[in-house]
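Visitor: I would like to go through a protein model step by step. Could the structure be shown before we begin?
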Amino acid sequence: MRLSDEQLRAALRAEAAAHQPDRDAMLARITSTAMNEPGTAHRHTRRRNGPRLRLAVVGALVALTGGGGFAAQWALAGADGDDTDRAIPVVSAPATPAPSASSAPPTGSPPVKPSATGGATGKPGGTGKPGTTTEPGTPASTGATTTPPTTGPTKGQPGNTRVEQGPLWSDGSIDPDSGDTRGAGVITLKTGERLTALTVTVRVARTTGLTSRGGTKSVPGASVTSNVTEQANALLYTFTLASADEIAPGTYTFTAKYGYPAGGRNAGGDTYEAVATTAGGQSLDVYGNFYPAS
C-alpha cells in the first residue's frame, strides 16, 4: 500500500508525538562518542566537519538535558587537539582614562584666588597681598622711605670756601669806588710759583636790573682772555690764560663789572673760583665769596 504525501506527513507527526526518547541512553551514547579518541583515518574528516558536528551534538544535549554549561564547554574545547591552533580573536576597547585631579581647566586665563577679605591675589595690578589692590599705573610700595639728598652750600659761599691751597692764595672784595648804580667784584690772586694754566670764574648772582659791564684783568707779561656769559640766575665772568703763556710768581687782579638800579645791590650771592696748574704739575683750586672779612 502506497501512502500519499499528506498521509506520510500525518503518520510521521503521529509517530513523533507518540515517541518517548530514552534520554539517559542517548546522553550516554553521545558522551561516549565524544570522549573516545578518533582514529587516524578520520582525523582530516573531523578537522573539516568538527565544528558542525560539535554544534549538532550541543543542540541535542541542550534539548535533552538542558546542560547548557557542559555543552558549551565541550563545544569550545573541541573533540581533539587538532583545533587548538585556531586562534580566537579578542577584541578589547581602549579604556577611557578617568579625569585627573591635577588637570587644569581649559581656560584662557589663570584662576583668581579670592582672599579672605574680598580681594583678589591674581587681579592684574594687585600687590599680591590678600584684600589689597593697586590701580594700574601706580607703583607698588616697597616699604623703603626715600630721603632727599642733603645739599650743602654752593661752592664759594660761606661754609664752603677754600681761599688758599699750596702756593696759591685768593681774596674776593667789592670795589670801594663803585657808584650808586655801578659795582665791581675784584678777585686778587697771589702765587708763589710759576703757573702754566689758569682759569678764574666770577659768578655774580642775578638781582633786579643787573647788567654786565664787562671784565678787566691785571696780569702783566701774560695773555689772558675774558668772556661774560648770561645765565638765568647769574652772570659768569671767565678769565683764561692762553695755552702758550705762563704767569710768573706775583700778585694779580681780575675784576667783574656790572650795573644795577639806584639804591645799591646786595652782593651776598656772588662767588668766585680759580683753577691753576703750576710749572711742576701741581693742580690748585681755590674758591670763596665777597663777604667782608670779620
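Visitor: How many helices and strands does the chain have?
Guide: The chain has four helices and 10 strands. Helices (H or I, at least four residues) and strands (E, at least two) are DSSP runs, numbered from the N terminus. Please note that this is a predicted model, in which local features need pLDDT of at least 70 and side-chain atom pairs count only at pLDDT 80 or more, while totals for chains, interfaces and linings use all residues. Residues are numbered from 1 along each chain as its sequence is written, and side-chain values use heavy atoms, with hydrogens and water left out.

Visitor: In what order do the elements run from the N terminus?
Guide: The order is α-α-α-α-β-β-β-β-β-β-β-β-β-β.

Visitor: Which strands make up the open sheet?
Guide: The open sheet of five strands has the order β1-β2-β3-β8-β5, with antiparallel pairing. Two strands pair if DSSP finds at least two bridges between them. β1 (164-165) and β5 (211-218) stand at the edges with a single partner strand each, so one side of each is left without a neighbour in the sheet.

Visitor: How many bridges join β2 to β3?
Guide: Strand β2 (residues 168-174) and strand β3 (residues 182-191) run antiparallel and are joined by seven bridges. Within this pairing, G172 stands opposite I187 in β3.

Visitor: And which strands pair with β4?
Guide: Strand β4 (residues 195-205) pairs in the antiparallel sense with strand β9 (residues 271-278) over eight bridges. β4 also pairs with strand β7 (residues 234-241), again in the antiparallel sense, over seven bridges. L198 stands opposite A276 in β9, and R203 stands opposite L236 in β7.

Visitor: What holds strands of a sheet together in general?
Guide: Strands of a sheet pair through backbone hydrogen bonds, either parallel or antiparallel.

Visitor: What is V202 in contact with?
Guide: Leaving aside neighbours within four places in sequence, V202 is in contact with several residues, including I187, L236, F239, A256, T271 and F290. Contact means heavy atoms within 4.5 Å.

Visitor: Is T271 buried or exposed?
Guide: T271 counts as buried, at 6% relative accessibility. T271 lies in strand β9. Not counting residues up to four places away in sequence, T271 touches, among others, K155, T201, V202 and N289.

Visitor: What about S283: buried or exposed?
Guide: S283 is exposed, with a relative accessible area of 56%. S283 has its place in strand β10 and touches Q165 and A276, not counting residues up to four places away in sequence. The C-alpha atoms of S283 and G166 are separated by 9.4 Å, although the two residues are 117 residues apart along the chain.

Visitor: Changing topic, how many aromatic pairs does the structure hold?
Guide: The structure holds three aromatic pairs. The rings of Y258 and Y260 have centres 6.2 Å apart and planes at 45°, so this pair is tilted. The rings of Y272 and F290 have centres 6.1 Å apart and planes at 65°, so that pair is edge-to-face. Rings of Phe, Tyr and Trp (its six-membered ring) pair if their centres lie within 6.5 Å; planes under 30 degrees apart count as stacked, over 60 as edge-to-face and the rest as tilted.

Visitor: Is Y258 buried or exposed?
Guide: Y258 is buried, with a relative accessible area of 2%. Y260 also counts as buried, at 12% relative accessibility.

Visitor: Which residue lies over the face of Y258?
Guide: R265 lies over the face of Y258, at 4.7 Å from the ring centre. A charge sits over a ring if NZ of Lys or CZ of Arg is within 6 Å of the ring centre and within 35 degrees of the ring normal.

Definitions and conventions. Buried means under 20% relative accessible area, exposed over 50%, partly exposed in between (1.4 Å probe, protein chains only).
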